[in-house]
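Here is a colleague's note for someone opening this structure for the first time. The points are numbered so that each can be checked against the view.

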Amino acid sequence: MAGKLEVYKCMVCGNIVEVLHAGDGPLLCCGRQMEQFVPKTAADEGKEKHVPVIEKVDGGIKIKVGSIAHPMEREHFIEWIEILADGNHYRRFLNPGDAPEAVFKIEAQAVAPREHCTVHGLWKGE
Ligand SMILES: [Fe+2]
């Protein structure tokens with residue numbers, strides 16, 4: 001059973017979905033069960049270039065990926081950066097060549113960032 005905001009990938013066609021409302025059934029694509037992306041953390045290998053870093057900036061919150069900037073190449077880049085902030089969900093999609101960061105023009109107390117690398121999967125920060 002899937003959970004709200006969990007991310008799943010079809011290992012056949014590459015579809016990636018996020019759950020907005022959890023039902024009882026399995027998530028299937030291309031005739032197979034989709035695989036859950038369990039977010040990696042600061043405890044995992046590759047953390048320096050993947051764990052999102054939160055920075056307060058004038059008028060908002062900047063999320064950088066990671067403490068050493070992640071590459072933004074055609075075959076290997078940060079596809080999106082998202083934050084859960086005081087119960088609201090925000091996402092910025094990125095492209096190769098962009099900086100691996102996003103500014104969200106919001107005021108929030110509790111911020112939980114996540115990002116998706118096209119090669120190394122889903123990562124979360126604190
Ligand atoms: Fe990566």
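**Notes on the predicted model**

1. Start with the largest nonpolar core, which has 16 residues; those touching the most other members are Ile78, Ile81, Ile83, Phe104 and Ile106. Strands S7, S8, S10 (101-104) and S11 (111-117) each supply at least two residues of this core. S8 gives the most, with four residues. The model is predicted, and the points below should be read with that in mind. As background, nonpolar side chains in soluble globular proteins tend to be buried together.

2. Which residues does Ile106 contact, leaving aside its neighbours within four places in sequence? They are Gly59, Gly60, Ile61, Ile83, Ala85 and Tyr90.

3. The iron ion has five protein donor atoms to look up: NE2 of His50, NE2 of His70, NE2 of His76, SG of Cys117 and ND1 of His120. They lie 2.1 to 2.4 Å from the ion. Along the sequence the donor residues follow the spacing H-x19-H-x5-H-x40-C-x2-H. The pair His50 and His70 links distant parts of the chain, 20 residues apart. His50 sits in helix H1 (residues 47-50), whereas His70 is in the loop between strand S7 (60-65) and strand S8 (78-85).

4. His50 counts as buried because its relative accessibility is 4%. His70 has a relative accessible area of 3%, so His70 is buried too. Cys117 is at 0% relative accessibility and therefore also counts as buried.

5. Cys117 also has a place in the strand pairing: its bridge partner in S12 is Gly121. S11 and strand S12 (residues 121-124) run antiparallel and are joined by four bridges. The two strands form a hairpin, with three residues between them.

6. His116 is another residue of strand S11. With a relative accessibility of 3%, His116 counts as buried. Leaving aside neighbours within four places in sequence, His116 is in contact with Ile16, Phe37, Phe77, Ile78, Glu79, Trp80, Gly121 and Leu122. One of these, Ile78, is also among the core residues that touch the most other members.

7. An open sheet of three strands has the order S6-S7-S10, with antiparallel pairing. From one strand to the next the twist averages 20°. S6 and S7 are joined by six bridges and run antiparallel. Val57 has Gly60 in S7 as its bridge partner.

8. Another open sheet of three strands has the order S2-S1-S5, and its pairing is antiparallel. The edges are strand S2 (16-18) and strand S5 (35-37); each has a single partner strand, so one side of each has no neighbour in the sheet. The twist here averages 35° from one strand to the next. Strand S1 (residues 7-9) and S2 run antiparallel, joined by three bridges.

9. Leu84 has His89 in S9 as its bridge partner. In the hairpin of S8 and S9 there are two residues between the strands, and Asp86 takes a positive phi near 50°.

10. How many disulfides does the structure hold? The count is zero. For Cys10, which is in no disulfide, the nearest cysteine sulfur is that of Cys29, 3.7 Å away. The cut-off for a disulfide is a pair of cysteine sulfur atoms within 2.5 Å.

Note on methods
Residues are numbered from 1 along each chain as its sequence is written. This is a predicted model: local features need pLDDT of at least 70, side-chain atom pairs count only at pLDDT 80 or more; totals for chains, interfaces and linings use all residues. Side-chain values use heavy atoms; hydrogens and water are left out. Donors are N, O and S atoms within 2.8 Å of the metal (3.2 Å for Na, K and Ca); water is not among the atoms, so sites may look incomplete. Buried means under 20% relative accessible area, exposed over 50%, partly exposed in between (1.4 Å probe, protein chains only). A nonpolar core is a set of buried Ala, Val, Leu, Ile, Met, Phe, Trp, Tyr and Cys residues joined through side-chain atoms within 4.5 Å. Contact means heavy atoms within 4.5 Å. Two strands pair if DSSP finds at least two bridges between them. Axes are lines fitted to C-alpha atoms, for helices over the stretch in contact, and angles run from 0 to 180 degrees between N-to-C directions.
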